[in-house]
Amino acid sequence: SLDPSSRSVNLYSAFIQDEFSLKDNLQLTAGIKLEHNDFSGFEYQPNLRLAWAVDEHQTWWGSVSRAVRTPSRGEHDVALRLVPPAASDPCIPVYAQGKNDYDSEDLIAYELGYRFNYDNIWSVDVATFYNDYDNLRTLDPEFDPGPPPAVLFPFNNKLKGRTYGAEFSGQWQVRRGWRLNASYTWLDMQLRLVNGSTDSSSQSAEQASPVSKAAVWSSFDFGNNLQLDAALRYVGDLEGSGARIDSYVEADLREGWAVKP
């Protein structure tokens, strides 16, 4: 159920961004998004980005930005029964409960990257990142004596986290009509409970993303309206919701024929 059962919500938003040429090969981009919503009030999301073109082939770039995930109506208004008892079972019901003071989830992101492009024949991109998260969602139990009595899991913001890692991608135009691509991503995620939270289920999400992912794929145009694509993808193991998924490798092959232009 939702309380109130219906409501109107207002969202006001404004965005401004500008680009500054500090030098011929040095560009600074600065912007901010301002927002007001009925759930968490005023929000600000600035970003700052710098790009340095070393020469016609190489570019370094870095950025700092802030982002938020504003609450949904459900996180404020919902009463969601998690364990519906049988009709003959008088056990105490369990609810996830919305809260009016549930706040936005916050992120401050730091990124640094390098790109090398050789005459559009081949290119390499490397990017590193560090993300600092605050006010992430948790569900901690509370007993409501009623009547009738119930166990409530109200939404709270008692989880912090950080992720860091690196991404690599490369592209090679082997010849006209034939292109090779490769990519690799490494990720480390760490979450910790704060302010007395005991929600180990939310904290266990740090194991729900693979540490490593990699892919390589080829796209070939034979002419005569025929194409052949081949891809090989690797995903590392992960664990989430009490289940473990082992790492795996996936291969795809596609042949296409354009009957007409």
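Select Asn156 and Lys99 together: their side chains make a polar contact at 2.8 Å, a polar contact being a pair of N or O atoms within 3.5 Å, of which, within protein, one must be able to donate a hydrogen and the other to accept it, with residues adjacent in sequence counted only if both atoms are side-chain atoms.

The model is predicted, with local features requiring pLDDT of at least 70 and side-chain atom pairs pLDDT 80 or more, while totals for chains, interfaces and linings use all residues. Residues are numbered from 1 along each chain as its sequence is written, and side-chain values use heavy atoms, without hydrogens or water.

Now display the surroundings of Asn156. Leaving aside neighbours within four places in sequence, the residues in contact with Asn156 are Lys99, Tyr102, Leu136, Arg137, Thr138 and Asp140 (contact: heavy atoms within 4.5 Å). Asn156 counts as buried because its relative accessibility is 9%, buried meaning under 20% relative accessible area with a 1.4 Å probe and protein chains only.

Select residues 150–175 to show strand S10, which contains Asn156. Finally, show the whole protein, which has two helices and 16 strands; these are DSSP runs numbered from the N terminus, helices being H or I of at least four residues and strands E of at least two. Its C-alpha atoms fill a box of roughly 75 × 50 × 40 Å along the principal axes. Of the 261 residues, 26% are buried.

Key
Buried < 20%, exposed > 50% of the residue type's maximum accessible area, 1.4 Å probe, protein only.
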